[in-house]
Amino acid sequence: MANADKFKKVIAHAKEYGFVFQSSEIYDGLSAVYDYGQNGSELKNNIKRYWLDSMVKLHENIVGIDSAIFMHPTVWKASGHVGAFNDPLIDNKDSKKRYRADVLIEDFVEKINIKIKKDIAKAKKRFGDAFDEKEFRSTNGRILDRQKKIDEILLRFKTAMEKEDLADVKQIIIDNGIICPVSGSKNWTDVRQFNLMFDTKLGSVSEEADVIYLRPETAQGIFVNYLNVQKTGRMKLPFGIAQIGKAFRNEIVARQFIFRMREFEQMEMQFFIRPGEEDKWFEYWKSLRMKWHEALGLGKEKYRFHDHENLAHYAKAATDIEFDFPFGFKELEGIHSRTDFDLSQHQEFSGKKLQYFDPELNKSYVPYVIETSIGVDRMFLTVLATSFEEEEIKKENGKIETRTVLRIPPALAPIKAAILPLMKKDGLAEKAREILDDLKYDFNCQYEEKDSIGKRYRRQDAIGTPYCITVDHQTLEDETVTIRERDTMQQERVEIRKLSSIIDGKVNFKNLFKKLR
Ligand code: GAP
């Protein structure tokens, strides 16, 4: 199935099975804002739990906080967001479509990259085992020309952005003949900066109200609480503060479902360290965050690092963990070496000291910070899109049937087990409810008695339930049930008293955490 088709199916499936709904759908929706349904909110909560526990439970020196969305307006001046949290935007005069100029340029560069990859793939095929990619890249004329072009474009773009030379950003688009994907024309407006923060007013009388911002990242809530947490928690460097919360950005181009939203959730951790140790900790967090992703088993080949050419205003070094979404490799998580930029800025703007007394060095300093920052919604999309599968299965009568299954990592599945009485009568429903009553304290279970057992299995497959437990007449005689596993569809007869440990063995977060050691 082509990726675009699959993505459409995933979006439709997300709605049909109560994962994601368009916000305010009965009013025709609100662009780039989404609601999570009964299954989606469970999956989202499990993702958040996996993240927060991996930070706070598994690290003695990381604690969690929950700071407010509204913050003093000066926070955003100090952080640089008022002045620099802009995207360069450009309109195509023919299609009237608006684009981020940087994205147009990056997409163009990616096209050249794809050509390089094709050349390499061809050469690999031709030379077989003797092929040496490194040598080929450094000697093949065509590849060298293409790579040179990429490097020139990226360097020119970086310089133009640093000098705030928006005329040259437009000129890069013109010089490279970049066209509007909708109209096909090169009829562009000038490039201008657009601040992504939403503002609103605090106070009941509008004339007296102060303009405040909806936070565009949760990180600043951590920075302004650095000293509170360090002092009250008696934290010693290195230590981290983790937080999950809503963030808001007035994105110019919001598309690709929940990939780029105007209201979204972030999971961010700021790790405070001694200055000079930032490179070591940057590598540590890069490696650990990659392990966290890989532990889910969605496929190692789906992730890659992408170092930033164009650093954000606060960063010394930055890398993205990119994921192979149905629309290509895109940023899933950012890992940033933020130096002492934020704390120093808050120190300056607030006039309050934000330092750490290091007893080993016997001196005070502003700590450096390594940040890990991931969007919950993007993470949700990786799980949903990768776990969605349509497979053909042969029925007993020889007919081929399509089964739609979400192979969600079991620890993240919204429902862990469905309890299904074969029929309502003969006391089977009562027995099934008895089993449910026993399991429901430990696992999110669902009881279903409507429709044939086959249909009930399909419904559970479609929401990714790892186990279906069927109660039949034999259950009443010998206290056994059949347990059906989602991925293999294998059924096994087991004793009721063993159910809890069987389910736990599959869905416990421990299975994932052990892989992070
Ligand atoms: N504190 C640093 C920071 O906010 P960022 O790269 O702008 O860095 C971090 O954002 C992560 O937040 C991204 O990797 C992405 O997963 C998520 N994110 C950012 N903008 C988003 C949006 N408009 N919709 C959904 N997720 C978004």
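Ala418 stands opposite Gln446 in strand β20. This is a predicted model, where local features need pLDDT of at least 70 and side-chain atom pairs count only at pLDDT 80 or more, while totals for chains, interfaces and linings use all residues. Residues are numbered from 1 along each chain as its sequence is written, and side-chain values use heavy atoms, without hydrogens and water.

Start with the pair of strands. Strand β19 covers residues 417-421 and runs parallel to β20, joined by three bridges. Two strands pair if DSSP finds at least two bridges between them. Strands are DSSP runs of E with at least two residues, helices are runs of H or I with at least four, and both are numbered from the N terminus.

Now widen the view. An open sheet of five strands runs in the order β20-β19-β21-β22-β23, with mixed pairing. At the edges are β20 (445-447) and β23 (491-495), and each pairs on one side only. From one strand to the next, the twist averages 25°.

Helix α15 (residues 453-463) lies across β19, β20, β21, β22 and β23, at about 170° to β19. Helix α17 (residues 499-507) lies across β19, β21, β22 and β23, at about 165° to β21. Angles run from 0 to 180 degrees between N-to-C directions, with axes fitted to C-alpha atoms, for helices over the stretch in contact. Contact means heavy atoms within 4.5 Å.

Last, the whole protein. It has 18 helices and 23 strands. Its C-alpha atoms fill a box of roughly 80 × 65 × 60 Å, taken along the principal axes.
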